[in-house]
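Please look at the structure below and keep it open.

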There are 2 protein chains.
Amino acid sequence: MAASMDQAARKTRASRPSKDVDERVRDRSEAAILEAAGELFARKGFDGVRIAEIAERSGLPKANVYYYFPSKEDIYKALIGKLLAGWDKALEELRADRKPAEALGAYIVAKLEYSRQFGSESRLFANEILRGGRFLSKANRDHMRAMTRDKAVVIESWIAAGKMSPISVRHVFIMLWGATQFYADFEVLACDALAIKRITKKDFDEAAATITAIVLRGCNVVESAAEARSTDT
Amino acid sequence: MAASMDQAARKTRASRPSKDVDERVRDRSEAAILEAAGELFARKGFDGVRIAEIAERSGLPKANVYYYFPSKEDIYKALIGKLLAGWDKALEELRADRKPAEALGAYIVAKLEYSRQFGSESRLFANEILRGGRFLSKANRDHMRAMTRDKAVVIESWIAAGKMSPISVRHVFIMLWGATQFYADFEVLACDALAIKRITKKDFDEAAATITAIVLRGCNVVESAAEARSTDT
DNA sequence: TCAAAAGTTGACGTTTTGGTCAGGTTATGA
DNA sequence: TCATAACCTGACCAAAACGTCAACTTTTGA
């Protein structure tokens, strides 16, 4: 996911064992650029961002940004790559060997937490999808489809085992995605809806509790453990 | 919401009774521009669209677009205005005198139908919110807040009347918004999730059914046909 | 110590783009 | 018919934005 092939190749740190911490200038600069670009792309979309802005925000002169990344598009694509990793992580909670209520609750919490902590990444992803996913590679989309299918199978196994009522699993995924991303992606709307100025951790916790409660009850998920009250951590 | 004041004033159709159909060139041109611009803004965001594109797509030369709209921003704002009307319409379904199950179901259907029929408007709105709502006026936001509050009161009245279990009404709104907009706004993701090429009417119907089922059951909305007439606005 | 590699940067060139304008054509209404 | 208003448009401009470059400084490794 580094700048470009030739430059990445130059990095060969085996031949440069001087610093074990290896706080290479390159790494720091690339990170700074990526972070600045992430925030900006998230808020203004690909076309809305000037590399001069990225440069300014990352504290580097424009020409230096071009030293690390051959083009604006390359910066953007590098960020898209990072995104997809995070996308998967929450889904990992959905495993067939877990109790449905537990797994679904954990998924909702993880997804909300991800979008809370990585708000700008989440918005960047939303932005990209909204525009039709121009920059998503076929591999990216194949991976996402496969992931969805696998997790759908997990939930269908719970349904088959009578642990929850039969529903259109894939539509439920969409409900969950929509609900969990809303707070980060459409923060303005969420704030208006909640009649607050800024969304806090507490609001996210309430969101998790509400979404979990409705979805679990909505799917008639059986709660074997009589307790399992609110959806903490 | 027309181009600008002076130009709109000139329209004074009382003094020009020649055509009753009044298929004024102005009206057609403005509509063409707005439609073309809507599609483009939805897909590429404000900064991503060049007025040359709008011109081309609406079949007019660029300078002619400027004849009707003083600036790109004015075209964008005109569209935002149209959006908010649609936004309200679905919410009208939520009236205290209706039965909760009926009203909520109708709301979900109306919201989905709106985003299906006016996909590009929905995406444009999403785009605008994602970017922090730069072009939303204070009046716009005040209106939306007031609308949300009113409808929250309606649902809370149902809760108070024991017609559904107590939940965080405003978080439920967010769930509903997220779920109902997803299909239009994040079509790419929705297609991948549903393992289909394009979303059809049938998919929207299934979505409505699933969302309604989960939310109604999730909120323990009582389906008793008998009562549900204690609150009368 | 020192040459080569890595990193930095101000200034520049080219293209794009929002917006303007002067002058043309068509519709309107008396 | 004819004056006026509405409408249309090719050509143009200044600002901005992407990307380049040559020269400069710092770091590296032997």
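Q: What makes the 153 residues a nonpolar core?
A: A nonpolar core is a set of buried Ala, Val, Leu, Ile, Met, Phe, Trp, Tyr and Cys residues joined through side-chain atoms within 4.5 Å. The largest such set here has 153 residues, and those with the most contacts inside it are F41(A), I75(A), Y183(A), F41(B), I75(B) and Y183(B). This is a predicted model, where local features need pLDDT of at least 70, side-chain atom pairs count only at pLDDT 80 or more, and totals for chains, interfaces and linings use all residues. Residues are numbered from 1 along each chain as its sequence is written, chains are lettered from A and ligands numbered from 1 in the order in which they are written, and side-chain values use heavy atoms, with hydrogens and water left out.

Q: Which residues does I75(B) contact, leaving aside its neighbours within four places in sequence?
A: Contact means heavy atoms within 4.5 Å. The partners of I75(B) are I33(B), L34(B), A37(B), F41(B), I54(B), V65(B) and F69(B).

Q: Why is α7(A) called roughly perpendicular to α9(A)?
A: The axes of helix α7 (residues 119-130) and helix α9 (residues 169-185) of chain A cross at roughly 110° and come within 9 Å. Angles of 65 to 115 degrees count as roughly perpendicular, so α7(A) is roughly perpendicular to α9(A).

Q: Why is N220(B) called partly exposed?
A: Buried means under 20% relative accessible area, exposed over 50%, and partly exposed in between (1.4 Å probe, protein chains only). N220(B) has a relative accessible area of 40%, so N220(B) is partly exposed.

Definitions and conventions
Axes are lines fitted to C-alpha atoms, for helices over the stretch in contact, and angles run from 0 to 180 degrees between N-to-C directions. Helices (H or I, at least four residues) and strands (E, at least two) are DSSP runs, numbered from the N terminus. Angles under 35 degrees count as roughly parallel, over 145 as roughly antiparallel, 65 to 115 as roughly perpendicular and the rest as oblique.
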